[in-house]
Amino acid sequence: MTISSFSQVVESPLLAKLLILASISVIFFYLRRKDAEGHSGSFIASMAFLAVRDVMVALFPVPELFLVSDIIYFCFVLYIFMAPYMVVRPALILVIVLNILLAGLYVARFVFGVAAFLPSWLFGVIPVLDILLVGVFAFIWRNVKKESIARQIVGAIWPVSVPVLLAYAVAAIIFGYGNDLFQRLAVPISYGWFVAAALTSIRMQDDQMVTAVSYYESSIDSLYNLLMNTGPALKGSFTTEDVLASMNEAIVSETHADGGLIFLVDEFEDLIVCKSYVGSFPPPVNLPESLPRKANRVESFMKHVEFRLGEGVFGEVAKTGKNIYIPNVTDDPRIVVNGEEEFLRLASFMAVPLMVEDKIIGVAAVARKNRDNAFTEEDFDRCKLLANFGTLAVSNFFSFLAANEKSGLEQSAGIAAEIQRSIIPKKIPQFPGLGIGAFSMPARGVSGDYFDIIQTRSDRVVCVIGDVAGKGVSAALIMVMVRSILHLITNTNKDIATVLNWVNKGITGKIDLDHYATLGIVAVNINTGEVEYSNASHQALLVYRRSSDSIETLELKSVPIGVERTTEYARKALKLADGDIVVMYTDGIVEAMNEQGKQFGRKGLSQVIVRHRDLAPKEIVNRIKGDLSSFVGSVRQHDDQTVLVLKMKL
Amino acid sequence: MSENTYLNDIHEIRVDENNPLFDKTGLLYKEFPSDYRQIRYFTLLIVQSAPLEIKEINLLEQQISEVIKNAVKHGNHSDPARKVRVWYSFDSTHAHLIVQDEGEGFRDLEVWNAFNRKRLEILAEQDFEKLADYVSFRTQKSDDNDGGNALFAALEYWNGGFFFNNKRNAVAMLKKFPQKKHAIA
């Protein structure tokens with residue numbers, strides 16, 4: 001049948017054959033997108049070969065050409081069915097080579113008349129033998145485990161494909177390739193096995209997807225359980241151990257392990273330390289000689305065991321960051337066998353690093369004791385997944401702890417600052433004979449400075465400045481005590497040194513807390529300008545005298561409040577004239593340091609006062625603040641700074 | 001542990017005035033009269049500038065107080081007219097102090113080192129009978145209140161160095177606080 005016109009093409013079986021091949025190829029092309037093993041390619045190649053063959057045969061209708069092409073086609077069939085099994089590949093290659101040699105011989109016999117003595121039916125039998133070989137092979141291997149998709153496909157389709165192809169090959173011998181019925185019916189039907197293969201492949205991919213979905217579903221369940229476990233641990237308490245214990249329990253239960261361990265990297269040393277022990281974990285590492293081989297002793301040893309990086313199987317994971325999966329520990333050099341007792345006999349082991357980004361923060365490990373129930377790849381995957389998510393939870397918890405600690409510090413500093421703010425006068429009182437200016441700038445977390453202005457009689461105003469040693473809430477509490485005592489006793493006819501003596505007696509040795517405070521105190525008669533001054537180790541009093549336009553420094557050596565109950569403080573009397581200025585201040589002012597490491601000093605303070613002697617006290621205080629701030633520049637304020645300026649107006 | 005670890009690890013008091021720890025740049029400064037009763041107070045004044053983040057602040061306080069005590073008592077002989085000068089700086093990673101007195105300097109420094117070496121040797125030999133004689137360092141000037149142990153502890157505590165100046169009346173010291181980590185560096 002030579003094709004010489006369009007109508008002949010339409011009437012010939014060629015179009016039907018090509019159409020069938022094309023349709024099935026489309027399915028394989030579709031399957032190929034998700035085909036990791038490449039088996040769809042062999043089907044596509046076979047069909048492409050058949051398409052070319054059919055076109056060639058239509059152009060050159062020589063039965064011999066058809067037989068030669070069939071021999072090669074059956075090589076493809078052999079390849080499809082046998083190549084998935086590596087073991088038989090050498091035999092497969094041999095058979096294919098033999099097929100090709102015979103095909104060559106057949107061509108030579110036809111063209112050059114070589115080996116003419118061989119009957120032609122002998123060559124027709126080759127495809128029959130090929131397909132019989134496939135059938136026998138598939139039958140014998142039918143129960144062998146089919147791990148790959150390709151094996152599953154050929155395992156599923158051989159009962160259909162082998163009879164179809166055998167029937168086809170036999171029909172070719174009986175009817176001959178020139179037979180119209182054979183060409184129009186047998187050939188297209190024989191292509192039907194590709195349909196079976198295509199449908200089976202689709203089913204396999206579907207199955208695979210269903211398995212994957214169920215795997216992910218159960219993974220999500222595991223994660224859900226993990227989060228359900230760690231969540232309440234976070235709610236109930238704030239210890240790392242609790243969070244790790246719930247993570248460990250989740251890993252153990254989801255991997256169906258007998259025991260689980262979680263190690264964390266030590267906070268200061270390069271060690272990993274066991275932080276959680278769940279179930280029973282036969283040690284895979286050397287136990288100390290001295291440790292009695294008793295279940296409870298070994299367990300309590302493991303509960304607190306530590307390893308250097310690289311030491312033992314756990315240290316190895318911490319050092320390399322690589323997973324260790326040993327389904328069967330027998331004869332594995334990484335696992336140390338400590339004895340044959342049940343609590344020492346490990347059967348299956350896996351360990352994974354706990355990593356945040358690329359940093360190792362610990363190691364999780366699980367164990368099984370039953371030799372017949374080893375961890376599977378799936379368990380291993382689950383273990384890695386849970387460890388990854390668990391690590392996230394743990395690392396979030398660490399961040400939370402750090403934030404909590406910080407906020408705790410901030411909070412206690414805040415409380416202290418609040419106490420300080422609430423006991424320092426908000427409004428500075430003014431008197432006809434005495435103007436007062438003041439400012440107090442607390443430094444973060446210190447809260448030790450204190451000042452107060454108490455009018456005890458119509459003509460007597462007492463000004464106090466103090467600095468409690470120490471910091472935070474305890475310092476603020478001492479300040480409250482000092483203030484309470486002062487407000488109770490300042491209204492007295494005794495001299496002002498007596499007030500300090502009483503404060504000191506009230507504070508010293510009363511409570512079990514180290515508490516020292518310097519206190520400077522002046523009592524001013526606002527009608528006469530007479531001043532009494534007493535000092536408990538506070539900074540020297542600065543007095544500006546208008547008459548001499550200079551600063552006097554008044555020092556009264558003494559010890560702070562809180563050193564000895566029997567301390568008797570001294571007093572000094574002075575008289576102020578109109579325009580004279582008294583300045584009280586804390587060490588935070590004179591010890592304020594600039595970028596060159598120089599202190600503002602009493603000198604710096606005196607200079608501001610002299611320069612602004614004519615201003616109102618409130619203004620003088622503002623100038624001190626301004627000068628101090630430009631003096632220190634960007635250097636951090638490390639201590640509270642307080643200034644009290646009194647100016648006589650007689 | 002090898003037999004000689006104690007000796008290899010030996011800590012000595014060294015005199016090194018050129019040590020960078022004597023650089024006072026950026027350090028805060030306070031001075032006090034040598035009043036033994038107020039040592040605790042002076043210590044508090046200094047430590048109050050330490051950030052809240054420092055853990056074991058009490059240990060730091062105690063160690064600083066020992067050094068000031070030495071300056072007040074052994075350096076200035078508790079003479080209130082003599083001053084103790086302190087330069088200091090703290091952050092969450094370190095504590096750096098220089099404490100200077102107006103005394104004649106730590107003359108027994110070599111004696112102390114020899115004593116310490118002997119003590120560590122005895123410790124290495126585990127000769128506990130002899131060790132009893134080396135529990136505390138005492139000189140003719142020591143009184144009943146001198147434990148004689150403060151310097152041993154100081155050498156351990158000031159892990160960034162503990163050095164005297166040439167006159168041996170000032171000591172510079174550095175404590176490095178271990179930093180918490182959660183992962184292998």
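User: What makes a residue count as buried here?
Analyst: Buried means under 20% relative accessible area, exposed over 50%, and partly exposed in between (1.4 Å probe, protein chains only). By that rule, 50% of the 650 residues of chain A count as buried. This is a predicted model: local features need pLDDT of at least 70, side-chain atom pairs count only at pLDDT 80 or more, and totals for chains, interfaces and linings use all residues. Residues are numbered from 1 along each chain as its sequence is written, chains are lettered from A and ligands numbered from 1 in the order in which they are written, and side-chain values use heavy atoms, with hydrogens and water left out.

User: Why is the pair Asp587(A) and Lys30(B) called a salt bridge?
Analyst: A salt bridge needs a side-chain nitrogen of Lys or Arg within 4 Å of a carboxyl oxygen of Asp or Glu. Asp587(A) and Lys30(B) meet at 2.8 Å, N to O. That is within 4 Å, so the pair qualifies. The rule finds 4 salt bridges across the interface of chain A and chain B.

User: How many residues does each chain bring to the contact?
Analyst: Contact means heavy atoms within 4.5 Å. Chain A brings 38 residues and chain B brings 26 residues.

User: What is the area buried between chain A and chain B?
Analyst: Buried area is the accessible area (1.4 Å probe) that two parts lose on being put together, summed over both. Here it is about 3000 Å², and carbon and sulfur atoms give 57% of it. Glu267(A), Phe268(A) and Lys471(A) supply 18% of the area that chain A buries against chain B, more than any other three residues.
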